[in-house]
Amino acid sequence: MDAASLPSPLHNIFRRPAALPKQSPPYFVPYCHNSIRPVLLKLPVTTRRSSLTRKQLLEENAELRARLAEAEERLRARHPEGVEAAPGDGGGGERVFDPNERERTHQALASAALAVQDVTDLRRTEEATLRGILDATQESIWLFSPEGRMLMGNTIAFQRFGKPPADIIGKHFNEILPPELARTRLARLREVVEFARPVDFEDERCGIFFHHRFYPVLDAAGQVTSVACFSRDVTERKRSDGERVQLLTRLQEQHAELDAVLAAIQDVVLIYDKDGTVRLVNRACVPAYGFDPTNHSLPDIVRRNSYHDIDGRPLDAESVPTARALRGESVRNAQCVVQRMDGAEAAWEISSTPLRIGGEVVGAVTVWHDITERQKVAERLRQSEALYRAIGESIDYGVWTCAPDGRNTYASESFLKLVGLTQEQCSNFGWGAVLHPDDAHHTIEAWKECVRQRGMWDIEHRVRGVDGQYHAVLARGVPVLNDRGEIVCWAGINLDISRLKRAEEELRHLNAKLEQRVNERTAELTLAAQYARSLIEASLDPLVTISADGRITDANRATELATGVARDELVGSDFSSYFTDADRARAGYQRVIAEGLVRDYALTLRHTSGHTMDVLYNATVYRNGAGEVQGIFAAARDITHRNRAEEQLKAANRDLEAFCYSVSHDLRAPLRGIDGFSQALLEDYLDRLDAEGQGHLRWIRSECQRMGCLIDDLLNLSRVGRVAIERKSVDLTALAQEIVAGLRRTAGNRSVRFQIANGLRAEGDSHLLRAALSNLLDNAWKYTAKRPDAEIEFGSLPLRALANPPEGLGCPPATPVFFVRDNGVGFDMAYAHKLFAPFQRLHSVKEFPGTGIGLAIAHRVVHRHGGHIWTQAAVDRGATFYFVLTPKGH
Amino acid sequence: MPNRVILLVEDNPSDEALTLRALKKHQVINEVVVARDGVEALDYIFATGAHAGRGAIPLPEVVLLDLKLPKVDGLEVLRRIRADARTRLLPVIMLTSSLEERDVVASYACGANSYVRKPVDFIEFVEAIRQLGLYWLVLNTPAPLGAEP
C-alpha cells in the first residue's frame with residue numbers, strides 16, 4: 001500500500017512536497033507537529049550531498065586566496081592606482097547553499113574582482129581564470145562606482161540585464177534602471193559607501209526577483225573605491241516561498257484536523273516510526289495501555305503488556321500486528337488479547353498499516369478497537385444458544401420454532417432422530433406424516449387454526465417413532481411477538497408423555513395392589529390388635545391408657561378388678577379418682593407428660609368396696625408416627641404383698657435388735673455370775689478343794705470368759721450388719737496409724753515393722769472402716785507373732801496392677817485396691833473360702849487365740865460398702881488381704 | 001461427817017452379790033443400799049413410796065445404776081434424778097452389762113457421770129469396782145449437797 005493512498009492527511013506530511021525548491025537550505029520545516037518532527041528529520045535529504053562539493057570549493061578558494069594575495073602584492077607594487085575589471089565566462093559548478101561559505105566566496109570574489117581591476121598586466125595570464133571565477137557563478141556580478149555608475153559586469157549579469165555591455169558600462173543607475181529601482185539601489189549604494197560594509201537586499205526588475213549584495217571594494221587606505229554587486233535570481237525561490245507558506249498553512253490545518261480526529265476516535269491510535277518507536281498516540285491510548293507508550297519501542301511495550309492471539313498463543317515483539325506492518329504487511333482486524341502490567345485484560349481488534357514514502361516503509365499506524373464487550377456479548381450469546389439447545393435436546397422431543405406462517409424452522413435434534421425426519425422434511429410439514437392416523441387430521445387442522453388465531457398451542461397427540469412405536473406427545477407453543485405486536489416466530493416444546501401415561505397406568509395398577517395389601521394389612525393389624533388386646537387383658541397388672549388431661553382412655557380387666565369399676569365406666573373418667581391420694585396420682589401423670597416416663601411411682605388404688613391396693617406405677621408417654629404425644633400408658637404392679645414382706649422384714653429386724661439388746665444385757669449376766677461365784681469358791685473354799693476341783697473351777701471360769709468374748713463378737717458382727725452407713729471421705733492412712741499405735745500400746749514388747757502408705761483415702765463409713773481395718777491389722781499382728789522380723793504393710797495399688805484379680809469385680813482398671821500384707825504364718829489357700837465366715841478358724845485357739853469373727857467383720861464391712869475382699873496366701877509365706885470399696889456399678 | 005451410803009440399783013441377785021463382794025473386798029466401808037428396781041431406787045432417793053417419811057437423810061454418796069431394770073429402767077431413773085434440783089448433782093454411775101453404743105450414748109446424754117461395763121471375768125469386775133470406789137469415794141470431791149448450780 002502506498003502512503004499516498006492513506007485516507008488520512010498524514011500522507012501529506014510524509015510525502016516530500018515536490019514543489020519545494022531543490023536549492024533550499026537543508027530541508028527544514030519551520031512549523032510542524034512536534035511528534036512528527038523526528039520522523040521528518042530522519043527522512044532522507046538529498047541536499048546533504050553538497051558537503052563534498054563544499055570541501056572542494058573550500059580548497060579551491062584557499063588556493064585562490066593564496067594566488068590573489070600574491071597577485072595583489074605584485075599589483076600593488078606595480079599599479080597602485082587599480083585595475084580594470086573584465087567580465088568573462090566561467091564553467092558551472094555545484095551550488096553552494098551555505099550562507100557563510102557563500103559569504104566567504106563573495107569576499108573572495110570581491111577580492112578577485114579588485115584584483116581584476118588592478119591587475120592589468122596579469123590580464124593575459126589570469127584573465128581566463130578570473131573570467132572563469134566570475135562566470136563560475138550564476139550570480140550577476142557588477143562593479144559600480146561609488147556614485148552609481150556601471151563599471152563592469154560578468155557575462156550572466158549582462159545577459160540578465162538584457163542589454164549589451166556597451167549600453168550599460170559607464171551608465172548611471174538613473175539612466176538604465178526604472179526610477180524607483182534606481183532610487184532604492186542608489187540608496188543602498190550610498191549606504192555601502194558610507195559605512196564601508198556589505199548590504200543585502202532584494203528587489204524586482206522586469207518580473208525577476210533579485211537578491212543583491214553590495215560589497216565595498218576598499219583601497220589600501222580603506223576608502224571605498226568601488227562597489228561590487230552580486231545579484232542572484234531568486235524569482236524561483238520567491239515563488240516557492242509562497243508555496244511553502246501555503247503548504248505550511250495546509251500542514252497546520254491538517255495537523256489540527258489530525259489532532260481532532262485522533263482525539264475524537266475512541267479506538268486507540270498509535271503512530272510508530274520505522275524503528276518501531278511510538279511517535280504519536282491519541283487520547284484513548286493511555287487507558288488502554290496503562291501507560292503512555294509515546295517514545296517507547298515496540299519490544300518495550302510487548303515486554304510491559306503481554307499479547308496473545310485470540311486462541312491464547314502468546315505474541316512476541318516480532319509477531320504483533322505493528323511489527324508485521326513495519327515489515328510492510330498491512331494487518332487488518334487481528335484479534336488479540338492484551339494483558340496489561342496491572343493484570344487488566346481486554347480483547348482488541350488491531351489493525352496496523354505500514355506508512356510508506358516512495359515505497360519505503362517509514363512507520364506504521366496501528367489502530368486498536370476494543371472488542372471485549374463484543375466478545376462477551378458473543379460469548380453470552382453462544383452460551384445462551386448452547387443452553388437453549390441443550391435444554392431443547394434434553395427434553396424428549398425437545399423444542400421447536402416455526403415461522404409466523406406456521407412452517408417449522410427448527411426442531412431439536414432429539415425429535416428429528418426419534419421420528420426419523422430431517423430438518424428440511426420437518427420444515428415442509430413432514431411432521432404431519434409421523435402423526436398417528438387418528439390424530440393427524442385433528443392436529444393439522446388445529447395448528448392451522450392456532451396460527452390463524454395467533455393463540456396458544458396446546459395439544460396431545462401420538463407420534464410414530466423410527467421404532468414404529470407411537471409416543472404420546474404433549475405439544476405446547478406460544479407466538480413470539482415483537483414490539484409492534486407482530487408474530488416473529490412460534491416457539492414451543494414437545495414433551496414425551498408416554499412415560500407419564502405409562503406411569504399413570506402403573507399407578508392405577510399399583511393402587512389396586514396397594515388396596516389389596518392395605519386390606520391384608522388391616523386384617524393383620526386387626527389380628528395384631530386382638531393379640532395385643534389379649535396380652536393386655538391377660539396381664540394381672542392393672543393397665544390403663546390416659547389422655548393428656550388425665551382421662552382414662554382404655555383399661556384392662558385387671559383394672560376393673562382392682563377398682564371394682566367396669567371398663568365402660570372407667571373410660572372417660574378421671575384417672576386420679578381411683579387412688580387414695582388423688583393429688584399424688586395427678587402429679588404422677590403430669591410428670592410422665594413432662595419427663596416422658598416415671599418408674600416405680602407408689603400409689604394406693606382404692607376398690608369400690610373400700611379395699612386398697614398398694615401399687616407401683618410404671619408409665620410412659622406414647623406417640624403417633626409424627627412423634628406427637630397421644631397419651632400415657634400406665635402399668636400398675638400390686639405391691640401389697642411386697643409391702644407386707646417388707647413390713648415383716650422390718651419386724652424381724654426389730655426383733656433381732658431386741659434380741660441383740662437382750663443378749664447384750666442378759667446373756668452375759670449369768671456368765672458373770674458363774675465366773676464370779678467360781679472365783680468366790682476359789683477364794684473362799686480353796687482349802688476344801690483338791691487340785692482337780694480347783695482345775696475344774698478354773699476351766700469353768702475360762703469357758704465363761706470365752707463365751708463372753710463370743711457374745712461380744714457376735715454382737716459386734718451383728719452391729720456391723722445393722723448400723724446405717726454414713727459415707728464420707730475417710731483418711732485410711734491416719735486410721736491405720738491410729739490402729740497400729742493401739743496395737744503397739746497393748747503389746748509393746750513386740751517388734752513389728754509397719755509400713756503404711758501415705759494418702760490412702762476411701763469413701764465410706766468411718767466407724768465401719770475402722771472396724772474392718774482394725775480386724776485386718778489385728779489379724780496380721782496376730783499371725784506374725786512368731787516372726788522375729790514381722791512386717792506388716794498397708795497400701796493400695798490400681799486394680800490393673802494386680803496379677804490375679806478375682807473375676808466379676810466390675811470395677812474400672814484404675815480402681816484402687818487396698819491391701820494388708822504380712823509375712824506371718826499364712827494359710828493354705830484350699831481353706832480360703834472358709835476364711836471370712838464367722839467363727840471359722842484355720843488355726844487352733846491354742847496356737848493363735850481368737851473367736852474367728854474378725855475377718856467376718858471385715859468381710860461384712862467391705863460388702864456393706866458394695867466392695868469385695870479377697871486374699872492371697874501360702875502356708876508360712878504370709879498372707880495378703882485385698883479389698884476394694886468402690887461399689888459395683890458406681 | 002459420817003460416810004454416806006452407796007445406792008446400788010441392781011435387779012440381778014448374783015450381780016448384786018458379786019458387786020457387794022467386790023466392794024467389800026476393797027474395804028469400801030460405806031453402807032450399801034440395794035434397790036432392786038427403778039421405782040425402789042427413786043423412792044429411796046426422793047423418800048417416796050416405801051421410803052416416805054424416812055425423813056431428811058442425806059443423799060447417797062454415789063448411785064451405781066443398772067440400765068435394765070424392772071418397772072422403771074435405768075435411763076428413766078437417771079432422767080428423773082437429773083430433772084430434780086435436789087439430785088441434779090448426784091453422782092450416777094451406770095454399771096451394766098451392755099456395751100451397746102446407743103446405751104452408752106443415751107446414758108451420757110441423760111447426764112450419767114460415768115459408764116462402766118460389768119466384765120464377765122470376776123477378777124476384772126472386782127478391779128473395776130475397786131477403781132470406781134477409789135475414784136468416786138476417795139478422789140472425787142462431790143458437789144455440796146443442795147447446791148444450786
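Twelve residue pairs, with both partners at pLDDT 80 or more, are in polar contact between chain A and chain B. This is a predicted model, and the two chains also share six salt bridges.

**Where the chains meet**

- Two elements of chain A each give two or more residues to the side that touches chain B: helix 22 (640–684) and helix 23 (691–722).
- Helix 22 of chain A provides the largest share of that side, with 18 residues.
- Sorted by class, the side of chain A that touches chain B holds eleven charged, eight polar and seven nonpolar residues.
- In total, 26 residues from chain A and 24 residues from chain B take part in the contact.
- Together the two chains bury about 2,100 Å², and carbon and sulfur atoms account for 49% of that area.
- On the chain A side, A:Y661, A:H665 and A:R672 supply 32% of the area buried against chain B, which is more than any other three residues give.
- A:R672 also forms a salt bridge through its side chain with the side chain of B:D15, at 2.7 Å from N to O.

**A hairpin in chain A**

- Strand 1 (residues 140–144) and strand 2 (residues 150–153) of chain A run antiparallel and are joined by three bridges.
- Within this pairing, A:W142 stands opposite A:G153 of strand 2.
- The two strands form a hairpin with five residues between them, and A:G148 in the turn has a positive phi of about 115°.

**A buried threonine in chain A**

- A:T733 sits in helix 24 of chain A, which covers residues 732–746.
- Is this residue buried or exposed? A:T733 counts as buried because its relative accessibility is 6%, and the cut-off for buried is under 20%.
- Once neighbours within four places in sequence are set aside, the contacts of A:T733 are A:I756, A:A757, A:N758, A:G759 and A:L760.

**The build of chain B**

- Chain B contains five strands and five helices.
- Read from the N terminus on, the elements of chain B follow the order β-α-β-α-β-α-β-α-β-α.
- Of the 149 residues in chain B, 52% are buried.
- Among contacts in chain B with a separation of 6 or more, 64% link residues 24 or more positions apart.

Technical notes: Residues are numbered from 1 along each chain as its sequence is written. Chains are lettered from A and ligands numbered from 1 in the order in which they are written. This is a predicted model: local features need pLDDT of at least 70, side-chain atom pairs count only at pLDDT 80 or more; totals for chains, interfaces and linings use all residues. Side-chain values use heavy atoms; hydrogens and water are left out. Contact means heavy atoms within 4.5 Å. Buried area is the accessible area (1.4 Å probe) that two parts lose on being put together, summed over both. A salt bridge is a side-chain nitrogen of Lys or Arg within 4 Å of a carboxyl oxygen of Asp or Glu. A polar contact is a pair of N or O atoms within 3.5 Å; within protein, one must be able to donate a hydrogen and the other to accept it, and residues adjacent in sequence count only if both atoms are side-chain atoms. Helices (H or I, at least four residues) and strands (E, at least two) are DSSP runs, numbered from the N terminus. Ala, Val, Leu, Ile, Met, Phe, Trp, Tyr, Cys and Pro count as nonpolar, Asp, Glu, Lys and Arg as charged, and the others, Gly among them, as polar. Buried means under 20% relative accessible area, exposed over 50%, partly exposed in between (1.4 Å probe, protein chains only). Two strands pair if DSSP finds at least two bridges between them.
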